[in-house]
Amino acid sequence: MANYKLDTLCVQAGYKPKSGEPRVLPICQSTTFKYDTSADMAKLFDLEPGYMYTRLANPTSDAVAAKITALEGGVAGVLTSSGQAANFFALINIMGAGDHFISAATIYGGTFNLFNVTMRKIGIDVTFVDPNCSEEELQAAFKPNTKAVFGETIANPSLDIFDIEKFAKVAHENGVPLIIDNTFPTPINCRPFEFGADIVTHSTTKYMEGHASTIGGCVVDSGNFDWEQNDKFPGLTTPDESYHGAVYTKDFGKAGYVTKIVAQLLRDYGSTPSPQNAFYLNVGLETLALRMERHCANAQKVAEYLESNDKIAWVNYPGLPSNKYYERAKKYMPNGTCGVVSFGVKGGRDAAEKFMNSLELAAIVTHVADARTCVLHPASSTHRQLSDKELVECGVSPDLVRFSVGIENVDDIIADIQQALDKI
Ligand SMILES: *Cc1c(COP(=O)(O)O)cnc(C)c1O
């Protein structure tokens with residue numbers, strides 16, 4: 001499928017039925033798989049290809065992971081039960097207690113808590129850096145036990161555009177991979193591997209599934225990072241005694257990193273998607289390219305409208321020429337960024353609340369990147385656990401309204417904003 005364009009891959013990649021098989025990806029709603037002999041079954045426990053138990057792998061989920069892998073241009077990928085699990089697995093797969101990693105400070109609130117609270121509790125230390133730091137400042141954050149660098153292509157909700165090439169360069173100079181959460185642009189608008197990222201993660205819950213019906217995540221490996229260049233990644237390069245001494249990089253080559261996620265992390269943590277959810281994700285992916293185009297076109301018009309409205313204090317959308325990331329967005333995402341626009345209403349928190357309560361088409365939900373226009377006040381919801389100082393570091397001001405522009409007719413979306421602003 002490698003030569004097809006992205007919109008073709010959205011529809012076709014991952015599943016190719018043989019003669020007489022179902023045209024649509026079947027849902028293998030089975031926990032287990034049958035073998036004729038115990039010896040046949042035993043091979044699965046030596047990590048030979050095949051299926052034994054859905055906590056580790058399932059044909060429906062694998063087909064969908066293969067589609068996302070094709071879209072990102074990677075060599076191997078795996079679905080997880082959520083985006084949170086994807087980011088956790090991407091890191092814990094190469095780290096343990098006593099290790100350290102570096103993350104951009106401007107990341108999704110849930111990921112910030114995972115890194116800043118939960119992972120610290122299991123002995124994994126993180127240093128948050130300003131995503132616009134210099135190479136020297138980034139270099140200064142490295143320690144002997146640093147194992148990875150992490151960032152979001154477009155930060156949720158601050159919409160900072162990550163300088164993938166800068167972070168990839170410094171990460172590689174230090175012999176560690178760059179892991180990118182590519183949830184907001186999706187591979188339709190940005191393919192981080194083309195700019196030097198090594199691993200990509202997704203909350204497929206957002207644009208990929210697209211209809212706000214299914215939580216899910218994905219991890220994709222570019223296959224480009226050489227895990228054997230140093231001794232930082234013994235989990236991949238030395239024997240795994242829980243599989244009779246298998247060495248992931250030796251025994252599985254470029255699929256080693258993802259095989260380790262399946263064989264160890266899904267086995268032990270069990271953050272596995274249901275085959276039914278993988279099926280829904282696949283249906284969403286079929287229209288991803290169409291939807292992203294519409295989300296971006298609508299968001300551009302909404303951002304331009306907001307910028308020209310005198311009840312609006314500020315507008316943040318990387319597609320506006322006035323935006324500080326306009327040029328960087330053009331470089332990494334020439335066809336558009338995403339459908340999310342953030343802004344402040346004049347009058348601060350109270351005005352923002354009045355505005356949001358007056359919206360009729362746009363719904364207040366803890367969600368983003370949905371086909372339906374939706375809106376959220378991060379400081380009182382997704383980022384509520386953060387202190388004011390952490391809020392500022394995450395790029396979230398107290399008056400920030402996160403407006404996720406859907407695929408409805410843009411005239412109706414703008415009319416809804418207009419009538420809500422009139423009520424302030
Ligand atoms: C929502 C989100 C996550 C978490 O994903 P879930 O599917 O909700 O677990 C991670 N990263 C980003 C950028 C997100 O927007």
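1. Arg402 belongs to strand S12, which covers residues 400-404. The structure discussed here is a predicted model.

2. Is Arg402 paired with an opposite charge, or without a salt bridge? Arg402 is buried and yet has no salt bridge. Glu152 is the nearest side chain of opposite charge, and it is 8.7 Å away. A salt bridge would require a side-chain nitrogen of Lys or Arg within 4 Å of a carboxyl oxygen of Asp or Glu.

3. Which side chain does the side chain of Arg402 touch in a polar contact? The partner is the side chain of Asn156, at 2.8 Å. Asn156 is also one of the residues that come nearest to the ligand. The others named with Asn156 are Asp181, Ser203, Thr205 and Lys206, out of 16 residues around the ligand.

4. The shell around the ligand divides into three nonpolar, ten polar and three charged residues. Helix H4, residues 83-92, supplies the largest share of this shell, with three residues.

5. For Gly83, a backbone N or O atom lies 2.9 Å from a ligand oxygen atom. For Gln84, a backbone N or O atom likewise lies 2.9 Å from an oxygen atom of the ligand. For Asp181, a polar side-chain atom lies 2.7 Å from a nitrogen atom of the ligand.

6. How much of the ligand does the protein bury? Taken alone, the ligand exposes 380 Å², and the protein buries 93% of that area.

Notes: Residues are numbered from 1 along each chain as its sequence is written. This is a predicted model: local features need pLDDT of at least 70, side-chain atom pairs count only at pLDDT 80 or more; totals for chains, interfaces and linings use all residues. Side-chain values use heavy atoms; hydrogens and water are left out. A residue is near a molecule or strand if one of its heavy atoms lies within 4 Å of it. A polar contact is a pair of N or O atoms within 3.5 Å; within protein, one must be able to donate a hydrogen and the other to accept it, and residues adjacent in sequence count only if both atoms are side-chain atoms. Accessible areas come from the Shrake-Rupley method with a 1.4 Å probe; for residues, only the protein chains shown count as cover. Helices (H or I, at least four residues) and strands (E, at least two) are DSSP runs, numbered from the N terminus. Ala, Val, Leu, Ile, Met, Phe, Trp, Tyr, Cys and Pro count as nonpolar, Asp, Glu, Lys and Arg as charged, and the others, Gly among them, as polar. Buried means under 20% relative accessible area, exposed over 50%, partly exposed in between (1.4 Å probe, protein chains only). Lys and Arg count as positive and Asp and Glu as negative; His and the chain ends are not counted.
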